Amino acid sequence: AGFFEVSVNREDIKFHAAHFVAYKGFRERLHGHNYTVSVAMRGCAAVGSDWGGISHDGYVVDFGDIKAVARRLCNELNEHLICPMRSDVLRITTIQLPVLASAGASAGAGDCGGTGMDGVDEREGEQAPLSREQVCIECEDGATFSVPRSDVVMLPLVHSTAEELAHYLWLRLVQEHGLQ
């Protein structure tokens with residue numbers, strides 16, 4: 001039995017995100033992209049195969065379900081800074097900013113170091129609700145970014161490259177749809 005591939009390429013399965021790639025001795029400037037996600041599924045042409053063939057209803061997988069999961073994953077990333085939590089050249093911490101009662105302004109805003117504030121542990125791949133939390137990213141070259149936690153998506157990546165993002169999205173899609 002041979003194999004076949006079916007793919008979905010739709011303009012509405014997309015997201016817009018900021019990122020920068022950093023590795024030993026190199027850091028890109030912070031910038032953004034408009035990403036479009038395509039999904040391809042490969043299956044065995046044998047009907048009724050128990051290892052990924054065409055099912056009794058004629059499908060390898062229901063693409064309506066795949067599109068729904070892909071759209072939801074894109075929405076999780078849309079308009080966020082992608083933070084690669086497994087980077088070996090970035091120091092990433094989350095701090096709670098104190099609020100001054102008189103002006104409603106925060107002390108130490110944008111200051112990732114020397115504030116005396118404790119970092120807060122984060123779970124990869126989750127978004128936080130709006131809060132006074134800041135994500136601080138300190139780079140090997142001395143550059144420091146301080147971004148509201150609600151504007152950041154922390155992902156289990158080493159680099160925020162298109163290749164690692166594609167792998168992350170594929171793993172999430174397979175996991176959440178229950179594919180094998």
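What follows is a set of questions and answers on a predicted model of one protein chain.

Trainee: In what order do the elements of the chain run from the N terminus on?
Mentor: The model is predicted. The chain has two helices and ten strands. From the N terminus on, the order is β-β-β-β-β-α-β-β-β-β-β-α.

Trainee: What percentage of the residues in the chain is buried?
Mentor: A residue counts as buried under 20% relative accessible area. The chain has 180 residues, and the buried share of them is 36%.

Trainee: How much of the accessible surface belongs to carbon and sulfur atoms?
Mentor: The accessible surface of the chain comes to about 10400 Å². The share of carbon and sulfur atoms in that surface is 50%.

Trainee: Among contacts between residues at least 6 apart in sequence, what share joins residues at least 24 apart?
Mentor: Contact means heavy atoms within 4.5 Å. Take the contacts between residues at least 6 apart in sequence; the share joining residues at least 24 apart is 67%.

Trainee: How far apart are the end C-alpha atoms of helix H2?
Mentor: Helix H2 covers residues 162-177, which is 16 residues. The expected span is 1.5 Å times one less than the number of residues. That gives 22 Å, and the model agrees: the end C-alpha atoms are apart by 22 Å.

Trainee: Within what arc do the buried residues of H2 fall?
Mentor: The buried residues of H2 are Leu165, Tyr168, Leu169, Arg172 and Leu173. Seen down the axis, they line one face of the helix, because they fall within an arc of 130 degrees.

Trainee: Which residues on the other side of H2 are exposed?
Mentor: Exposed means over 50% relative accessible area. On the other side of H2, the exposed residues are Glu163 and Gln175.

Trainee: Which residue takes a positive phi just after H2?
Mentor: Look just past the end of H2. The phi there is about 80 degrees, and the residue is Gly178.

Trainee: Is Arg172 buried or exposed?
Mentor: The cut-off for buried is under 20% relative accessible area. Arg172 has 13% relative accessibility, so Arg172 counts as buried.

Trainee: Which residue does Arg172 meet in a salt bridge at 3.0 Å, N to O?
Mentor: Arg172 meets its partner through the side chains, at 3.0 Å from N to O. The pair links distant parts of the chain, 96 residues apart, with Arg172 in helix H2 and the partner in helix H1. The partner is Glu76.

Trainee: What separates Glu76 and Arg72 in helix H1?
Mentor: Their side chains meet in a salt bridge of 3.4 Å, N to O. Helix H1 covers residues 63-77, and the two are four residues apart in it. So the separation is about one helical turn.

Trainee: How many salt bridges are there, by this rule?
Mentor: The rule asks for a side-chain nitrogen of Lys or Arg within 4 Å of a carboxyl oxygen of Asp or Glu. By this rule, the count comes to nine.

Trainee: How many residues apart in sequence are the parts tied together by Arg91 and Glu138?
Mentor: The side chains of Arg91 and Glu138 meet in a salt bridge at 2.4 Å, N to O. Arg91 lies in strand S7 and Glu138 in strand S8 (residues 133-139), so the pair ties together parts whose separation in sequence is 47 residues.

Trainee: Which residues does Thr93 touch, not counting residues up to four places away in sequence?
Mentor: Thr93 lies in strand S7, residues 90-96. At 18% relative accessibility, Thr93 counts as buried. Not counting residues up to four places away, Thr93 touches Gln134, Val135 and Cys136.

Trainee: What distance separates the C-alpha atoms of Leu30 and Phe145?
Mentor: Leu30 is found in the loop between strand S3 (26-27) and strand S4 (31-47). Leaving aside neighbours within four places, Leu30 is in contact with residues including Leu81 and Phe145. Leu30 and Phe145 are 115 residues apart along the chain, but their C-alpha atoms are separated by 9.5 Å.

Trainee: In S10, which residue is the bridge partner of Cys83?
Mentor: Strand S6 (residues 80-84) is mostly covered, with five of its five residues buried. Four bridges join S6 to strand S10 (residues 152-155), and the two run parallel. In S10, the bridge partner of Cys83 is Met154.

Terms used. Residues numbered from 1 in each chain as written. Predicted model: local features only at pLDDT ≥ 70, side-chain atom pairs only at ≥ 80, totals over all residues. Heavy atoms only, no water. Buried < 20%, exposed > 50% of the residue type's maximum accessible area, 1.4 Å probe, protein only. Arc of directions from axis to C-beta. Areas by Shrake-Rupley, 256 points an atom, 1.4 Å probe, with all protein chains shown as cover. Pairing = 2+ DSSP bridges.
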